[in-house]
Amino acid sequence: MSLIEGNANGFATKGVVPRLLLSMPLNSGMSGGPILNARDQVVGTNVSVQWLSNSLSFGVPAQALRDLLARPPLEVTKPALQLEMNRQIDAFEKKTFEALARALQTGSLEPALVIGGARSKPLPEAFACWDNRQEFEREGVVKSQYGCDLQFTPAIEDVGPIASVQLQIEHFASARSSYGFYGYLPFHAASHQEVPPRAAGDPHLGPPECTSNKVRVGEEVWKMSTCAVAFKASPGFFDIDLVATSLSRPKESMFVSMSFKGFRMKSALDLSKALIQNVSWGEK
Amino acid sequence: MLALRVLREDVTVREQLFKSTPIRIGRSEGCDFILIDPSVSRYHATIERDPSGALLLVDSSGTNGLYAGTKRVASETLSGRLRARLGLVEIEIEEVSTAATQPITFEDLQGLDHRRMPLSWVGYIVIALAALVVETMLAPEFWSPWNSQRLVGLVWQTASALVALLFFASIMLGVLKAAGRKVRMTDVLKLFAIFAWLRPLAMGVSFLGYYLLSEGMASLLRSWSAPLLTVAFLAQLATLRRSPPNRTFRGLWAMAILLVLTGVQLTRSYAAHRMGQPEVDHTMQAPLPGLKTGPAVSFEDYGVAVEAAGKRSQDQVK
């Protein structure tokens with residue numbers, strides 16, 4: 001048996017699942033091992049490392065372990081495991097929804113995020129975000145992007161990520177044509193919208209079902225398309241992909257795409273509305 | 001006055017006028033209308049007046065017989081125009097008048113071999129290609145800022161369309177000729193030219209539909225205009241220069257083509273369904289600048305549609 005020394009750097013602020021931030025190397029096989037403090041008390045268990053780096057690691061706080069141990073032991077039968085899986089999907093979804101809904105309600109517009117010619121309220125701290133700006137000189141087009149992921153979302157083997165939210169805001173501005181500019185963008189929208197084809201008879205997920213329409217949210221008119229995929233063994237939970245294109249201006253276009261995995265329909269729709277209400281055209 | 005004609009594949013190859021009866025028809029030099037053919041008897045048939053004054057074509061051959069249409073006859077009364085077969089020779093007998101000039105009708109022109117067309121076949125090719133250029137330029141993709149090779153693409157597309165047009169027109173011409181139609185390249189190209197212009201027209205209509213109709217109706221219009229044009233085009237092509245023109249025949253063709261297209265579409269959507277692809281039209285028609293878009297629904301109403309989609313996915317799981 002060996003011990004590895006490291007520093008605890010407090011708790012991660014991203015995501016809605018509590019994590020210990022650790023400066024110490026972890027390797028595969030060490031997951032589930034105890035994390036001890038200087039007084040040899042168990043404060044958590046090893047869980048993961050930063051991708052492509054092994055000295056920024058994460059641990060599950062001991063409180064979660066205590067809650068788990070307080071639960072009655074799990075039977076090792078298929079229905080019992082399925083029941084537990086459904087309970088976890090439900091619990092994570094509730095937690096994520098509550099945290100995001102609360103943060104989105106209280107978020108103020110100032111200082112606003114500027115994405116090309118679009119603006120958004122700053123997103124809750126739980127999201128990890130990045131931005132990008134690309135100029136197509138010959139075409140006279142500027143593309144600005146802002147993408148966010150909800151960090152530390154759990155995943156279930158085969159079913160995939162649950163309680164996971166991804167968001168992307170894109171702004172296109174054309175210096176020249178407007179007709180052809182819009183002519184191109186539907187293809188772009190379709191590339192956002194594409195639900196990865198799944199083989200018929202996927203053991204865990206139902207077939208994607210889609211709908212699209214023109215939708216007014218506040219001042220903006222969006223062209224929205226949404227595809228929903230039902231979880232087979234967890235009734236009421238879905239993978240939902242929504243893409244919205246704003247059609248309000250002649251030489252600018254805005255895309256918002258959202259992906260909710262392992263969500264109830266109502267939670268996903270409420271969060272979609274809250275997120276899309278955050279986004280608007282900037283001043284001319 | 002009687003006109004006697006020898007026909008070959010429905011075309012008159014010889015004609016002779018007779019003022020009086022009887023007229024003897026046969027291979028012998030003693031006949032009034034001589035047919036040099038081994039299947040024709042020396043004195044094969046006679047045209048004479050019966051006591052009531054009616055004209056009769058009477059078989060006098062005995063060997064290969066006289067046919068009116070497909071049935072063998074001993075004699076046949078003449079009225080108007082009669083086609084008869086003597087052995088292997090087809091003749092036409094018609095009572096003609098020198099009285100007054102008869103005005104011709106459009107139907108009279110149908111069977112004529114040398115028709116005048118308003119344009120040469122080159123003209124129709126130019127018209128068809130112009131339609132293609134207009135159609136391409138109407139499409140927003142053409143004006144996309146990302147489409148950097150606009151003109152080169154257009155020239156290349158037009159050149160390949162020219163080759164394709166000539167190729168398909170030749171095939172159609174061959175098929176129609178094999179079906180016994182008296183068609184020429186100009187007929188086929190004219191049809192291509194007319195329908196080539198219907199496509200950009202349909203596009204224009206669907207643009208209008210986007211602004212005037214509801215989302216569903218506009219999308220229905222978009223998805224049906226192209227297949228319906230194809231049906232109309234193929235049905236028209238199938239009945240090209242068919243004599244006599246027949247509505248039922250054309251209708252049956254249209255039905256058959258529609259059935260085939262529907263079958264193809266159903267197979268396609270079934271395959272897409274099997275592969276788990278969403279059966280939804282993602283092309284978002286963007287507005288032309290300055291024009292208002294149609295009514296938008298509220299997010300709550302949209303949410304109802306999303307919930308219905310989710311329920312559909314869920315129902316298919318059970």
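Trainee: At what angle do helix H3 and helix H4 of chain B pack?

Mentor: This is a predicted model, so the figures are computed from predicted coordinates. H3 of chain B spans residues 150-178 and H4 of chain B spans residues 185-212. Their axes are 9 Å apart, and the angle is about 125 degrees.

Trainee: Which word describes H3(B) relative to H4(B)?

Mentor: The angle between H3(B) and H4(B) is about 125 degrees. As for the hand of the crossing, H3(B) and H4(B) cross in the right-handed sense. The word for the angle is oblique.

Trainee: How many nonpolar, polar and charged residues does the contact of H3(B) with H4(B) have?

Mentor: H3(B) brings Leu165(B), Ala169(B), Met172(B) and Leu173(B). From H4(B), Met185(B), Val188(B), Leu189(B) and Phe192(B) meet them. By class, the contact of H3(B) with H4(B) has no polar residues, no charged residues and eight nonpolar residues.

Trainee: Turning to chain A, which are the edge strands of the open sheet of five strands?

Mentor: The order in this sheet of chain A is E1-E2-E5-E4-E3, with antiparallel pairing. An edge strand here pairs on one side only. The edge strands of chain A are E1 (7-11) and E3 (34-36).

Trainee: What is the bridge partner of Asn7(A) in E2(A)?

Mentor: E1(A) pairs with E2(A), residues 20-23, in the antiparallel sense over three bridges. Within E2(A), the partner of Asn7(A) is Ser23(A).

Trainee: Helix H1 of chain A lies across which strands?

Mentor: H1 covers residues 62-70 of chain A and runs at about 40 degrees to E5(A). The strands that H1 of chain A lies across are E4 (42-49) and E5 (56-61).

Trainee: In chain B, which are the edge strands of the open sheet of five strands?

Mentor: This sheet of chain B has the order E4-E3-E5-E6-E9, and its pairing is mixed. Each edge strand pairs on one side only. The edge strands of chain B are E4 (33-34) and E9 (75-77).

Trainee: What is the bridge partner of Ile23(B) in E5(B)?

Mentor: E3 (residues 23-26) and E5 (residues 45-49) of chain B pair over three bridges in the antiparallel sense. In E5(B), the partner of Ile23(B) is Ile47(B).

Definitions and conventions. Residues numbered from 1 in each chain as written. Chains lettered and ligands numbered in written order. Predicted model: local features only at pLDDT ≥ 70, side-chain atom pairs only at ≥ 80, totals over all residues. Axes fitted to C-alpha atoms, helices over the stretch in contact; angles between N-to-C directions. Helix = DSSP H or I, 4+ residues; strand = E, 2+ residues; numbered from the N terminus. Parallel < 35°, antiparallel > 145°, perpendicular 65-115°, else oblique. Left-handed = near helix turned anticlockwise from the far one by under 90°. Contact = placed C-beta atoms within 7 Å. Nonpolar A, V, L, I, M, F, W, Y, C, P; charged D, E, K, R; others polar. Pairing = 2+ DSSP bridges.
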